[in-house]
Amino acid sequence: MEGQVEHKTVAVNGINMHFVEIGQGPIVLFIHGFPECWYSWRHQMSFMAKQGYRAVAPDLRGYGDTTGAPNDDPSKFTTLYIVGDLVELLNNIAPEEEKVFVVGHDWGAVVSWALCLYRPDKVEAFVCLSVAFNPRNPVKKPLETLRKVYGDDYYVVRFQEAGVIEGEFEELGVKNVVKKFLTYRTPGPLYLKKGKPFEDTDELPGWLSDEDIDFYANKYQQIGFTGALNYYRSIDRNWEVTAAWTGAKIQVPVKFIVGDLDITYNAPGAKDYLHKGAFKKLVPLLEDVVVLQGVGHFIHQEKPEEINQHIYNYINKVSSSKNYSNICAIL
């Protein structure tokens, strides 16, 4: 895969955004999560390129080979900034394309929902993996709510104090940290106890190789974890600056896919939200909610063939419907 993709960098929104691409055709924008980078989409990018699409995967602000982000200021990592980075990326690399297809996972899903909310004019359709749309609560700040529900050892809470968790990760070793996150499969909250956030690291599953772990670990060894952790450190700031979108719905076509062992799917109230109408009410163009059995959080790496087919089939369906509508309009 590394030898097939093109690595490029473009100046956007005050940073130098690194991205990789492969293929020709309509753009499919792949947006990664934590603790990853563009490489998490290696299976999907090559597959979609073979189907006649231009697969593009950036390293988000604070990640991988993207540089220039003010890592000492978490307020510069709100979704408004991240979406701004992506919109400017698209304006630079495909100024003639009015809309693109979007695929997002984990924090990449959160960012993708924000892209759909702030700039629906840029999104043809969205395939969301693992993290459903979370509407803004007008009276409850997210960090306070998470602390009340899960306590101080909950991973999002533990990520808040700058330098503390980074120090613990350094003691554990970057490779062990990456390995532990990517192999976590407990269908429940992730707790990181102070002083010993992880137990002994599990053996690697068949879908994840030492080379894969090394790729991620080498990136974090070079740049540290602070940029990635700033996404978590900006969640209350996100809440503060997005009041204008309180009550807003997602007005783009969406397909949602999650594993039944995913911590997000097993969060309190998640299954009722996804399956009993509330999710559909907020995302009226939701096509489907797909639950893959026996699959954890890193669904696109664990089950690449199934995810590839879901992505392609949905994007192809949306494309065909659009082409049919265009033909009818001409006639």
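## Basis of the model

Helices (H or I, at least four residues) and strands (E, at least two) are DSSP runs, numbered from the N terminus. This is a predicted model, in which local features need pLDDT of at least 70 and side-chain atom pairs count only at pLDDT 80 or more, while totals for chains, interfaces and linings use all residues. Residues are numbered from 1 along each chain as its sequence is written, and side-chain values use heavy atoms, with hydrogens and water left out.

Thr 66 sits in the loop between strand 4 (54–58) and helix 2 (79–93). With a relative accessible area of 7%, Thr 66 is buried, where buried means under 20% relative accessible area, exposed over 50%, and partly exposed in between (1.4 Å probe, protein chains only). Its side chain reaches the backbone nitrogen of His 18 at 2.9 Å, a polar contact being a pair of N or O atoms within 3.5 Å, of which, within protein, one must be able to donate a hydrogen and the other to accept it, and residues adjacent in sequence count only if both atoms are side-chain atoms. When neighbours within four places in sequence are left aside, Thr 66 is in contact (heavy atoms within 4.5 Å) with Ile 15, Asn 16, Met 17, His 18, Asp 59, Leu 60 and Arg 61.

Asn 238 belongs to helix 10 (residues 235–241) and counts as buried at 10% relative accessibility. Although Asn 238 and Thr 78 are 160 residues apart along the chain, their C-alpha atoms are separated by 5.3 Å, and a polar atom of the Asn 238 side chain lies 2.7 Å from the backbone nitrogen of Thr 79. Ser 40, in the loop between strand 3 (27–31) and helix 1 (42–50), is buried at 0% relative accessibility; apart from neighbours within four places in sequence, Ser 40 is in contact with His 32, Tyr 216, His 300 and Gln 301.

## Salt bridges

Side chains of opposite charge can pair when their charged atoms come close. The structure holds 17 salt bridges, each defined as a side-chain nitrogen of Lys or Arg within 4 Å of a carboxyl oxygen of Asp or Glu. One of them joins Asp 73 and Lys 76, with an N to O distance of 3.0 Å; Asp 73 is partly exposed at 24% relative accessibility, and Lys 76 is partly exposed with a relative accessible area of 27%.

Another salt bridge pairs Glu 166 with Arg 233, whose closest N and O atoms are 2.9 Å apart. This pair links distant parts of the chain, since Glu 166 is in helix 6 (residues 164–172) and Arg 233 in helix 9 (residues 226–233), 67 residues apart. Glu 166 counts as buried at 14% relative accessibility, and Arg 233 counts as buried at 11%. Arg 185 and Glu 302 also form a salt bridge, with their closest N and O atoms 2.7 Å apart. Here too the pair links distant parts of the chain, with Arg 185 in the loop between helix 7 (174–183) and helix 8 (210–223) and Glu 302 in helix 13 (residues 299–302), 117 residues apart. Arg 185 is partly exposed, with a relative accessible area of 30%, whereas Glu 302 is buried, with 13%. Salt bridges that share partners also join Lys 8, Glu 21 and Arg 54 into one network.

## Backbone geometry

Most residues other than glycine have a negative phi, and most peptide bonds are trans. The peptide bond from Phe 34 to Pro 35 is cis, with omega near -5 degrees, and Pro 35 lies in the loop between strand 3 and helix 1.

Asn 13, in the loop between strand 1 (6–12) and strand 2 (15–22), has a positive phi, near 55 degrees, and is partly exposed with a relative accessible area of 39%. Ser 130, in the loop between strand 6 (123–129) and helix 4 (142–150), likewise has a positive phi, of about 85 degrees, although it is not a glycine; Ser 130 counts as buried at 2% relative accessibility.
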